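Biologist: I would like to learn how to read a model like this one. Please start with a helix.

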Amino acid sequence: MLNPFFLQGSSSEQGLIQDLINEQLKMYGIEVYYLPRQYITEKTVLREVIESEFNSAYPIEAYVNSYDGYSDNPTILSKFGIQALNEIVLTISRERYENYIGPLIKNQLNIKISQRPKEGDLVYFPLGDRLFEIKYVEHEKPFYQLQAIVNL
């Protein structure tokens, strides 16, 4: 039986959960720098990016979920060329991104999506002095704490 003292999905409970997540990220996370990609030229048929720039960097806290392949020199030579296998999985707060970084990059030229991080952007990881390209962003998880997300 569910606890009758909780409303199971009210906006105030979801706000409490979000505040707790933000606090956990600030306590146990690390500071990384998010570098949004600015598209300079691209082909319109295949939407292939020919030229891009990274002119700005924004600090944001992130939690390191896993650091598989983050060792001394995980670089291999394959039939497709040299491949670097450094990989790191980070979690950032959706609310912190939307309230802090989103408004800063919304009015910049040649940035396509400002509501969330996107594939092709860069993350500078100062702990190892490394630069990572974002390969995948999980922007919609099918399971939520306390029902679906309510816009606050």
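Predicted model: local features only at pLDDT ≥ 70, side-chain atom pairs only at ≥ 80, totals over all residues.

Biologist: Which residues of H1 are buried?

Modeller: Burial is read from relative accessible area, with under 20% as the cut-off. In H1, the buried ones are Glu13, Gln14, Gly15, Gln18, Asn22 and Leu25.

Biologist: What do the buried residues of H1 pack against?

Modeller: Their partners are strand E4 (58–66), strand E7 (89–91) and helix H2 (94–105).

Biologist: Why does isoleucine 76 count as partly exposed?

Modeller: Partly exposed lies between the buried limit of 20% and the exposed limit of 50%. Isoleucine 76 has 38% relative accessibility, so it falls in that class. Isoleucine 76 sits in strand E5, residues 75–78. Leaving out residues up to four places away in sequence, isoleucine 76 touches Gly81, Ile82, Gln83 and Leu85.

Biologist: Where in the chain is confidence lowest, and where highest?

Modeller: Confidence is lowest in E5, with a mean of 77. Strand E1 (residues 30–35) is highest, at 94. The chain mean is 80, and 84% of residues reach 70 or more.

Biologist: How many helices and strands does the chain have?

Modeller: It has 2 helices and 9 strands. Along the sequence, the pattern is α-β-β-β-β-β-β-β-α-β-β. Of the chain's 152 residues, 26% count as buried.

Key:
Residues numbered from 1 in each chain as written. Heavy atoms only, no water. Buried < 20%, exposed > 50% of the residue type's maximum accessible area, 1.4 Å probe, protein only. Helix = DSSP H or I, 4+ residues; strand = E, 2+ residues; numbered from the N terminus. Contact = heavy atoms within 4.5 Å. pLDDT = per-residue confidence, 0-100.
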